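Here is a short briefing on one protein chain. Please look over the sequence and the 3D structure first.

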Amino acid sequence: MPNSRAHIVTGTAITISAFLIIKNYKNFDLYDLTYILYLPVIFYYSLLPDIDLPNSKVRKFTVIFGLFLSLVFSVLAIILDYKMLFIVPVTILFGLIIIQFFTHRNKGKTHTIRFALLVSLPLLLISWLLALLAFISFISHLFIDDSMKF
């Protein structure tokens, strides 16, 4: 089974290739470096299917980053005296609790195309290209693991 480094390298290579083709299908420009802005999302999504493993790097990162965001938004809600901001940390904490209930079986529900769509679709609120690249990065993990399921 490939390790996290293999997933990141392969996912990044496939996704950056897709980015260059999509972005420059008329005038191919190898020096278009805007993909660098997408790298954190590409790295994250190339590991995301393994969030169902209790000791995976992506699970640890998600929990730590989620707790950090929850703390930041809670402090902002208190400082700005804006009660509606408390919805954000509560939502983040609820998501972290759900993550804890994922089965600890690798290649389970998180190794499906449905899950890839579910976690990529919210990125459409930011950019269609970002959502597509996240989806491609996620799918590259499934190809490497040879676990494509619908």
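Val-58 sits in helix α3. The model is a predicted one. At 4% relative accessibility, Val-58 is buried, because the cut-off for buried is under 20%.

**Overall fold**

- The secondary structure of the protein chain consists of six helices and zero strands.
- Read from the N terminus, the order of elements is α-α-α-α-α-α.
- The protein chain has 150 residues, and 40% of them count as buried.

**Helix α3**

- Helix α3 is 24 residues long. From first C-alpha to last it reaches 34 Å, close to the 34 Å expected at 1.5 Å a residue.
- Its buried residues are Val-58, Arg-59, Thr-62, Gly-66, Ser-70, Ser-74 and Ala-77.
- Leu-76 also belongs to α3, which covers residues 57-80.
- Is Leu-76 buried or partly exposed? Leu-76 is partly exposed, because its relative accessible area of 34% falls between the 20% and 50% cut-offs.
- Just after α3 comes Asp-81, with a positive phi of about 50 degrees.

**Nonpolar surface patch**

- Leu-76 is one of the residues in a nonpolar surface patch of about 610 Å².
- The patch is made by Leu-71, Val-75, Leu-76, Ile-79, Leu-80 and Tyr-82.

**Largest nonpolar core**

- In soluble globular proteins, nonpolar side chains tend to be buried together.
- Here the largest nonpolar core holds 24 residues. Which of them touch the most other members? They are Phe-19, Tyr-38, Tyr-45, Leu-48, Val-119, Leu-123 and Phe-138.
- Two or more core residues come from each of α1 (4-23), α2 (39-47), α5 (113-120) and α6 (128-145).
- Helix α6 gives the largest share of this core, eight residues.

**Ser-137 in α6**

- Helix α6 also contains Ser-137.
- Ser-137 is buried because its relative accessible area is 0%, and buried means under 20%.
- What lies 2.8 Å from a polar atom of the Ser-137 side chain? The backbone oxygen of Ile-42 does.

Notes:
Residues numbered from 1 in each chain as written. Predicted model: local features only at pLDDT ≥ 70, side-chain atom pairs only at ≥ 80, totals over all residues. Heavy atoms only, no water. Patch = residues over 30% accessible without salt bridge, like charges linked within 9 Å, V, L, I, M, F, W, Y side chains within 5 Å. Areas by Shrake-Rupley, 256 points an atom, 1.4 Å probe, with all protein chains shown as cover. Salt bridge = Lys/Arg side-chain N within 4 Å of Asp/Glu carboxyl O. Helix = DSSP H or I, 4+ residues; strand = E, 2+ residues; numbered from the N terminus. Buried < 20%, exposed > 50% of the residue type's maximum accessible area, 1.4 Å probe, protein only. Expected span 1.5 Å × (residues − 1). Core = buried A, V, L, I, M, F, W, Y, C linked by side-chain atoms within 4.5 Å. Polar contact = N/O pair within 3.5 Å; in protein donor to acceptor, adjacent residues only side chain to side chain.
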